[in-house]
Amino acid sequence: MTRRPAGLCQQVRVAAIDCGTNSIRLLIADIDPERAALTDIAREMKIVRLGEGVDRTGRLSEAALDRTIGALREYADLIRQAAPRGVRMVATSATRDAANSQEFVDRVKEVLGVAPEVVSGDEEARLSFTGATRELAGAAHAREGGCPPPYLVTDIGGGSTEFVLGGPAGVSGARSVDIGCVRMTERHLHGDPPSPAEVAAGGPGPPPPGAPGARPGATADIDAAVALVAGSVPVRQARTLVGLAGSVTTVAGIALGLARYDPARIHHSRVSAEQVHEITGQLLGQTRAQRAAIGVMHPGRVDVIGAGALVLDRIMIRLGFAEVLVSEHDILDGIAWSLVP
């Protein structure tokens, strides 16, 4: 399923694709393993909402499949032009959960020539950790930047959120839980804006497939998942919380007061717990139109940013972190690094 570079040279060009519940992203990069340096050639993102409705139906819809394959055709053209020596595509939460995931795999292979790897939550967490902490692993960076290990890397996706604890020596614990921004929005946040009852006690609607009885509310759902993580991973050993993915970077852009999205300003910015809590309350209290007018907001995140911010807010409250270090480098970068032995 993975085409790896044959014969390592000083610099290796690779292509990585991350297909999540909400977005599909491409990174074409040159990697110098001796210097531990990754240089972007192309970095693209499209909101395709592959996981739309999966929590309710257990299947990938035809419309979602068509959107995703359409974006992938564009990526395949870019990859052919760049001629990388290694290509890897990883699919995560929505594909893991879908009964018709094989149809997705077959269609991807036809377009890309490489089958996607439907990875486990633990493998997803480890890739995210590699991508987020490669730059932080040096002792000098940790000392000068004030971001000492161990790190707790938190990747808030569309369908799931990954937690991974570790440091320069590697990963010491990981857990994936189903509290992504799309899943929480579809389960709980139905109003425009969501009502206080929906945020605190959940909205109406049937429980997810296989789950008997009434569903908990959004906050209770998130808190229960965070408690599961804390019970299986020694998260309180972490000295630095590193936050990944679009929900976190969007919150950071708002905290920084940016007029438009600026990855260079957002990367390695720090957002306090108080700022996260305030911004979360603002987003959950706004209408869709008000959220869409925010300068840093990607159109594909307008519907789900409130839930994503709530996940980050509850993580920081429940685990006692005073700030989050925001990273633009995440699972996509980890996939790229995995192509270099």
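In the predicted model, strand S1 (residues 12-19) and S2 run antiparallel and are joined by eight bridges. Within this pairing, isoleucine 17 lies opposite leucine 26 of S2. Both strands belong to an open sheet of five strands, ordered S3-S2-S1-S4-S5, in which the pairing is mixed. S3 and strand S5 (117-118) form the edges, each pairing on one side only.

A further antiparallel pair is made by strand S7 (residues 161-167) and strand S8 (residues 170-177), which share seven bridges. Two residues separate S7 from S8, and the two strands form a hairpin. Across this pair, valine 164 faces alanine 174 in S8.

The largest pocket of the model has a volume of about 730 Å³. Its lining comprises 37 residues, and those nearest the pocket centre are Arg25, Met45, Gly246, Arg301 and Asp330. Several elements contribute at least two lining residues each: strand S2 (23-32), strand S3 (37-47), strand S6 (151-156), helix H10 (245-255) and helix H15 (331-338). Two of these, S2 and S3, are also members of the five-stranded sheet, where S3 is an edge strand. The greatest contribution to the lining comes from H10, which supplies five residues. Classified by residue type, the lining of the largest pocket contains 18 polar, ten charged and nine nonpolar residues.

Residues Val276, Ile279, Thr280, Leu283 and Leu284 of H12 are buried. These residues lie on the same side of H12, because the arc they cover around the axis is only 130 degrees. An α-helix has 3.6 residues a turn, so residues three or four places apart point the same way. The other side of H12 carries Glu274 and Glu278, which are exposed. With the cut-offs applied, the buried residues of H12 have under 20% relative accessible area, whereas exposed residues such as Glu274 and Glu278 have over 50%.

Key:
Residues are numbered from 1 along each chain as its sequence is written. This is a predicted model: local features need pLDDT of at least 70, side-chain atom pairs count only at pLDDT 80 or more; totals for chains, interfaces and linings use all residues. Side-chain values use heavy atoms; hydrogens and water are left out. Buried means under 20% relative accessible area, exposed over 50%, partly exposed in between (1.4 Å probe, protein chains only). Helices (H or I, at least four residues) and strands (E, at least two) are DSSP runs, numbered from the N terminus. The arc is that of the directions from the helix axis to the C-beta atoms. On a 1 Å grid over the protein atoms alone, a cavity is a set of points where a 1.4 Å probe fits but cannot get out, and a pocket is an open set with protein on both sides within 12 Å along at least five of seven lines; lining residues have an atom within 4 Å of a point. Grid points are joined across faces, edges and corners, and a volume is the space filled by probe spheres set on the points. Ala, Val, Leu, Ile, Met, Phe, Trp, Tyr, Cys and Pro count as nonpolar, Asp, Glu, Lys and Arg as charged, and the others, Gly among them, as polar. Two strands pair if DSSP finds at least two bridges between them.
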